[in-house]
Amino acid sequence: QGQLVESGGNSVQPGGSLTLSCVASGFTSGYYAIGWFRQAPGKKREEREGVAIINHSDGRTYYSESVTGRFTISRDNANTVYLLMNTLKPEDTGVYYCATRSYHSDYPFFTYEYDTWGPGTQVTVSS
């Protein structure tokens with residue numbers, strides 16, 4: 001079982017930008033996809049929202065409607081995945097988690113299909 005560690009969370013004003021990073025280690029069998037989820041204040045773990053996903057093999061990306069055109073997921077050749085967040089809104093506030101899925105899914109944002117999660121990083125958008 002691998003480990004994920006997120007970083008880059010901060011407090012920003014509406015309209016600002018942030019870049020989150022997720023370092024993956026110890027995945028001896030690899031993973032099929034890795035993505036970003038967020039948990040808004042007052043929401044339960046099962047209510048986490050999928051934000052952006054990237055397939056490990058072909059680099060195909062998926063975005064939720066709420067972030068399309070504002071957020072960009074990318075990866076480097078090592079073990080780090082990034083989430084560039086532009087034009088941030090107060091409703092983007094929450095704890096952002098990185099997670100991996102070990103198989104193909106027709107529903108890339110189903111949280112229960114992700115088996116490894118990081119501890120999360122806080123993003124607060126407020127004036």
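Please keep in mind that the model is predicted.

**The disulfide**

Let's start with the cysteines. The structure holds one disulfide, and its partners are Cys 22 and Cys 98, with an S to S distance of 2.1 Å. Because the torsion about that S-S bond is about -80°, the disulfide is left-handed. Cys 22 belongs to strand S3 (residues 18–25) and Cys 98 to strand S9, so the bond ties together parts that are 76 residues apart in sequence. Cys 22 is buried, at 0% relative accessibility, and Cys 98 is also buried, at 0%.

Next comes a loop residue. Ser 64 sits between strand S6 (61–63) and strand S7 (71–75). Its relative accessibility is 10%, and because buried means under 20%, Ser 64 counts as buried. Which residues does Ser 64 contact, leaving aside its neighbours within four places in sequence? They are Glu 49, Gly 50, Val 51 and Phe 109.

**A nonpolar patch**

On the surface, Tyr 107, Phe 110 and Tyr 112 make up a nonpolar patch, and together they have about 380 Å² of accessible area. Tyr 112 is in the loop between strand S9 (94–101) and strand S10 (116–117). With 64% relative accessibility, Tyr 112 counts as exposed.

Here are the accessibility values for the residues discussed:

| Residue | Relative accessibility | Class |
|---|---|---|
| Cys 22 | 0% | buried |
| Cys 98 | 0% | buried |
| Ser 64 | 10% | buried |
| Tyr 112 | 64% | exposed |

Definitions and conventions: Residues are numbered from 1 along each chain as its sequence is written. This is a predicted model: local features need pLDDT of at least 70, side-chain atom pairs count only at pLDDT 80 or more; totals for chains, interfaces and linings use all residues. Side-chain values use heavy atoms; hydrogens and water are left out. Helices (H or I, at least four residues) and strands (E, at least two) are DSSP runs, numbered from the N terminus. Buried means under 20% relative accessible area, exposed over 50%, partly exposed in between (1.4 Å probe, protein chains only). Contact means heavy atoms within 4.5 Å. Patches are made of residues with over 30% relative accessible area and no salt bridge: like charges are joined within 9 Å, nonpolar side chains (Val, Leu, Ile, Met, Phe, Trp, Tyr) within 5 Å. Accessible areas come from the Shrake-Rupley method with a 1.4 Å probe; for residues, only the protein chains shown count as cover. A salt bridge is a side-chain nitrogen of Lys or Arg within 4 Å of a carboxyl oxygen of Asp or Glu. A disulfide is a pair of cysteine sulfur atoms within 2.5 Å.
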